[in-house]
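Trainee: Please pick one part of this model and take me through it closely, neighbours and all.

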Amino acid sequence: MTKITIETLKSISMKKSSTIFLQVVIVLIGIGALALLLWEPHIEGRNADATLFEIYFKDPFLAYVYTASIAFFMALYKAFRLLGYIGRNEIFSQRSVKALRTIKYCAITLIAFIAGAEAYFFLAARGKDDIAGGVMIGLFLIFVSAIIATAAAVFERIVQKAVDIKSENDLTV
């Protein structure tokens, strides 16, 4: 029989509060990103006198951005779920490996979408508009997505090895 001490209970409660805090941060990031996606087209200079229909249905680049945001929100959802697994001490499970794999694939998808937007800037908007700001933001987002994809791939490998070792030990009598 294991003896439960006050220090053990404090560390469990601290771990729960940390994961809950991080889950709240992820939800706030999602809400902020959604608000930015819905609010930004209205304040854009070329849409100053446009109607809602013209803003949302006559701009193919905006549709492209909304399509790309699906991968972003999917990655946020999987990160939220992964933190739930951590809070329930299920980090070394196949579900955690799948969540990390999905986060990695979402980050790679975002890199592809952002690279496509950068190509649009260079091919279609060059000379008509100042593209330096958009290109710099795109390069920064590609860099951040690459870091996230790399970290998720490393964590995926580590957790997968731990799951394999755990299942091997469970089979050993």
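Mentor: Let's start with Glu156, which counts as buried because its relative accessible area is 10%, buried meaning under 20% with a 1.4 Å probe and protein chains only. Bear in mind that this is a predicted model, where local features need pLDDT of at least 70 and side-chain atom pairs count only at pLDDT 80 or more, while totals for chains, interfaces and linings use all residues. Numbering runs from 1 along each chain as its sequence is written, and side-chain values use heavy atoms, without hydrogens or water.

Glu156 sits in helix H5, helices being DSSP runs of H or I with at least four residues, numbered from the N terminus. Skipping neighbours within four places in sequence, Glu156 is in contact with Val97, Leu100, Arg101 and Lys104, contact meaning heavy atoms within 4.5 Å.

Now for H4, residues 94-125: its 32 residues reach 45 Å from first C-alpha to last, close to the 46 Å expected, that is, 1.5 Å times one less than the number of residues. Just after H4, Gly127 takes a positive phi of about 90°.

H4 and H5 (residues 132-171) pack at about 160°, axes 8 Å apart; the axes are lines fitted to C-alpha atoms over the stretch in contact, and angles run from 0 to 180 degrees between N-to-C directions. H4 and H5 are therefore roughly antiparallel, the label for angles over 145 degrees. The residues of their contact divide into 23 nonpolar, six polar and four charged, with Asp, Glu, Lys and Arg as charged, Ala, Val, Leu, Ile, Met, Phe, Trp, Tyr, Cys and Pro as nonpolar, and the others, Gly among them, as polar.

How values were computed:
Helices (H or I, at least four residues) and strands (E, at least two) are DSSP runs, numbered from the N terminus. Angles under 35 degrees count as roughly parallel, over 145 as roughly antiparallel, 65 to 115 as roughly perpendicular and the rest as oblique. Buried means under 20% relative accessible area, exposed over 50%, partly exposed in between (1.4 Å probe, protein chains only).
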